[in-house]
Amino acid sequence: MHPIDHGSHTIIRDMRADDRDPVVEILTGSDPWKRLGFTTTDWNRIFAPLPAGRDTFVLEIEGTVLGIAIVRRKFLFGDYLELLGIAPSAIGQGLGSRLLAHVESLTFSRAHNLFACVSDFNEAARAFYQKQGYKEIGPMPNFLIPGYAEILLRKTAGPARPLHN
Ligand SMILES: CC(C)(COP(=O)(O)OP(=O)(O)OC[C@H]1O[C@@H](n2cnc3c(N)ncnc32)[C@H](O)[C@@H]1OP(=O)(O)O)[C@@H](O)C(=O)NCCC(=O)NCCS
């Protein structure tokens, strides 16, 4: 259900230094990262300076930053989506799928795969990614915190190389 028509007010653009505070606030207040033990200090370290060697996007509606995505290019014949987050007050309104569609359009214009990870306990995000066409490749146990796994996800446009006989 998408109760709010964000229409043309939604902007997706490169993250700037002055987006740092709203982005850190979103992530500090969000699971799975709270449960994974990420603190404001961790996020400030990750975002100051802005992540190097990454494509970092924010989703903004009428001047308010409500989403963040970080992409690392060139991972297993594709890109790796390092982070995707929507403000807790704005989840379930279609913003995550819009931000992800933006990332995908860029990735699939140059590569065949987009990878991501999701915590095994993050049932909502697993359902979200499944709906967006991601397949769960497999769990990486005890990856971030003991007793829980990170699941590697892949969405693909097809094989990286044509078949040669
Ligand atoms: C996961 C997340 C990015 C999804 O973004 P969102 O804006 O809430 O999701 P959308 O509103 O775009 O939902 C897109 C589709 O996924 C489905 N979906 C979203 N959350 C779901 C849930 N909890 N259970 C089942 N389906 C769900 C929706 O039904 C929707 O389908 P529809 O288009 O047919 O209605 C967002 O909820 C979020 O940031 N969560 C916290 C952080 C997180 O878990 N990040 C991802 C893991 S790293």
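Me: A pocket is an open set of 1 Å grid points over the protein atoms alone, where a 1.4 Å probe fits, with protein on both sides within 12 Å along at least five of seven lines. Where does the ligand sit?

Reply: In the largest pocket (more than half of its atoms lie within 2 Å of the grid points). This is a predicted model: local features need pLDDT of at least 70, side-chain atom pairs 80 or more, while totals for chains, interfaces and linings use all residues. Residues are numbered from 1 along each chain, and side-chain values use heavy atoms, without hydrogens or water.

Me: Which atom of Gly96 is 2.7 Å from a ligand oxygen?

Reply: A polar backbone atom. For Asn122, a polar side-chain atom lies 2.8 Å from a ligand oxygen. Lys131 has a side-chain N or O atom 3.1 Å from a ligand oxygen.

Me: How much of the ligand's accessible area does the protein cover?

Reply: 75% of the 920 Å² that the ligand has on its own (Shrake-Rupley, 1.4 Å probe).

Me: New topic. Is Ile70 buried or exposed?

Reply: Buried, because its relative accessibility is 3% (buried is under 20%). Ile70 lies in strand 3, residues 64-73.

Me: What does Ile70 touch?

Reply: Leaving out residues up to four places away in sequence, its contacts include Phe47, Pro51, Tyr80 and Leu83 (heavy atoms within 4.5 Å).

Me: How far apart are Ile70 and Glu150?

Reply: 80 residues in sequence, and 17 Å in space, C-alpha to C-alpha.

Methods: Helix = DSSP H or I, 4+ residues; strand = E, 2+ residues; numbered from the N terminus. Buried < 20%, exposed > 50% of the residue type's maximum accessible area, 1.4 Å probe, protein only. Polar contact = N/O pair within 3.5 Å; in protein donor to acceptor, adjacent residues only side chain to side chain. 1 Å grid on protein atoms, 1.4 Å probe; cavity = no way out; pocket = protein on both sides within 12 Å on 5 of 7 lines; lining within 4 Å.
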